[in-house]
Amino acid sequence: MTERIDIRLPDERFHRHTLIPWWDQKRLASATALVLGVGALGNEIVKNLCLLGIGKIRIVDLDFVENSNLTRSPLFRERHEGMSKAMAAAEGARELYPQVKVIAHQLDIVHDLGWGHVLDSDLVLAGLDGREARLSANRACIRTGKLFFDGAIEGIAGVARVFDGRSGPCYECTMGERDWELMRHRRSCNMLSRDEMATGHTPTVTTISSVIAALEVQQALKHLHGLDPQAGVGLSVNGIGFDAWQVKYSRNEECYAHEPAEVIHRMPWSSVSTPASEVLAEASNRLGKPAYLELRHDIMTERSCSACGFVDHPLRPLAKLGQGAALCQNCKAQARWESANRVEPESALASRTLAELGIPPYDVVRCRAGLATFDAVLNLDRTADWV
């Protein structure tokens with residue numbers, strides 16, 4: 001029997017990649033990818049990033065692994081049931097590619113993801129299943145000057161698309177009246193809990209998640225190499241008819257999302273300890289006139305009860321409040337409540353810390369004075385090592 005001779009080279013793992021004339025494996029190794037959502041689609045995205053040799057992957061998801069996830073999620077195993085999806089995906093990524101550096105965050109992408117993580121990423125890829133999360137990711141990418149690689153699946157059909165809202169159409173531009181109607185309904189029901197709003201899971205299978213994730217990551221791969229990722233274009237795949245077609249999106253000039261930051265200043269501010277007044281003072285000084293702080297979400301500022309006279313100040317985003325939030329917390333009668341989406345210099349809210357106003361660690365905050373804006377990224381407030 002002939003003895004096998006080991007002729008492997010140190011970089012053989014990615015040798016086939018480097019045979020492509022324009023390929024730069026070092027560029028991939030130095031890149032950081034942010035993956036939003038690691039359900040069926042996000043699992044395939046992370047898997048592909050690992051196989052390509054992306055150096056760092058930050059994974060964000062709020063949910064936990066269920067047994068039904070195992071049929072569509074190559075990174076999950078039976079031992080992961082009940083575990084955070086983000087943590088389980090990170091563990092699976094390291095098993096697939098031990099050299100990858102991963103950080104997992106179990107948090108709400110809409111309310112608790114600091115946009116500094118988007119700012120510090122080379123790629124932002126979404127495996128999301130809701131309009132609100134996509135809207136938030138889309139706006140974060142525009143604010144920080146990043147492309148948004150998005151995908152959506154249902155049954156055995158799906159679409160992969162790329163948005164650059166700085167100069168072209170963004171995800172928000174694609175939303176029709178029906179989409180906004182559903183969003184308005186969701187926001188009008190902001191006193192309902194997450195469980196009560198759930199209408200069921202999207203039916204899908206692993207085949208379409210594999211296809212759409214591959215297309216999504218391939219466009220991101222081209223972007224890393226300086227090739228045209230075809231922003232403003234989507235590819236729809238119909239598994240039933242075994243066909244695909246290209247969709248070109250149009251920019252809506254009235255879309256409110258198109259406000260990229262010219263400069264994002266890195267400031268020594270802490271979400272948990274810096275009061276809004278300090279941010280407002282710096283912004284007003286830089287802009288030369290009084291500025292107000294924009295809040296990403298409406299927050300309930302006061303709740304008062306005419307029945308018993310009880311008054312409190314929840315200071316929480318409306319969308320995060322449960323069904324009982326509209327009731328007096330003392331006598332449970334229907335309460336009157338007020339909300340705010342900005343903080344003025346003379347407001348009582350100015351004395352509150354940024355965290356008390358619903359601003360997460362490492363967020364990108366915006367102050368505005370007329371048409372002029374001042375954008376700044378906060379400190380992380382806590383450290384997390386890449387492992």
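**Group meeting talk: a walk through the model**

Let's start with Lys332, which counts as exposed because its relative accessibility is 52%, over the 50% mark. Before I go on, please keep in mind that this is a predicted model.

Where does Lys332 sit? It is found in the loop between strand S12, residues 316–317, and strand S13, residues 336–343. Its backbone is worth a look too: phi of Lys332 is near 70°, a positive value in a residue other than glycine. As background, most residues other than glycine have a negative phi.

Tyr362 is another residue to look at here. Its phi is positive, at about 65°, although Tyr362 is not a glycine. You'll find Tyr362 in the loop between S13 and S14. Is Tyr362 buried or exposed? Tyr362 is buried, with a relative accessible area of 11%, and the reason for that label is that buried means under 20%.

While we're in that loop between S13 and S14, Ser351 is there as well. Ser351 is exposed, at 57% relative accessible area. Now find Pro275 on your screen. Ser351 and Pro275 are 76 residues apart along the chain, yet their C-alpha atoms are separated by 5.6 Å.

On to the charged side chains. Side chains of opposite charge can pair when their charged atoms come close. How many salt bridges does the structure hold? The count is 22.

I'd like to show you Glu259 in particular. Its side chain meets that of Arg366 in a salt bridge, 3.6 Å from N to O.

One more pair, Glu356 and Arg352. Their side chains meet in a salt bridge, 3.7 Å from N to O. Glu356 counts as partly exposed, at 33% relative accessibility, and so does Arg352, at 29%.

Next, empty space. Rolling a probe the size of a water molecule over the atoms shows where empty space is left. The second largest pocket has a volume of about 200 Å³. It is lined by 14 residues, and the closest to its centre are Ala160, Gln219, Gln230, Gly234 and Leu235. Which elements give two or more residues to that lining? They are strand S5 (148–154), strand S6 (157–163), helix H9 (206–224) and strand S7 (233–238). Of these, H9 gives the most, with four residues. By class, the lining of this pocket divides into six nonpolar, five polar and three charged residues.

About 60 Å³ of space lies in the largest cavity. If you'd like to find it, look for His111, Leu295, Arg296, His297 and Ile299, together with Leu357, Gly358, Ile359, Pro360 and Asp363, which line the largest cavity. That lining has five nonpolar, three polar and two charged residues.

Last stop, the surface. Ile20, Trp22 and Leu227 form a nonpolar patch there, with about 240 Å² of accessible area together. Where is Trp22 in the chain? Its place is in the loop between helix H1 (15–18) and helix H2 (25–29). Trp22 counts as partly exposed because its relative accessibility is 40%, and partly exposed covers the range between buried, under 20%, and exposed, over 50%.

Conventions:
Residues numbered from 1 in each chain as written. Predicted model: local features only at pLDDT ≥ 70, side-chain atom pairs only at ≥ 80, totals over all residues. Heavy atoms only, no water. Patch = residues over 30% accessible without salt bridge, like charges linked within 9 Å, V, L, I, M, F, W, Y side chains within 5 Å. Areas by Shrake-Rupley, 256 points an atom, 1.4 Å probe, with all protein chains shown as cover. Salt bridge = Lys/Arg side-chain N within 4 Å of Asp/Glu carboxyl O. Buried < 20%, exposed > 50% of the residue type's maximum accessible area, 1.4 Å probe, protein only. 1 Å grid on protein atoms, 1.4 Å probe; cavity = no way out; pocket = protein on both sides within 12 Å on 5 of 7 lines; lining within 4 Å. Points joined across faces, edges and corners; volume = space filled by probe spheres on them. Nonpolar A, V, L, I, M, F, W, Y, C, P; charged D, E, K, R; others polar.
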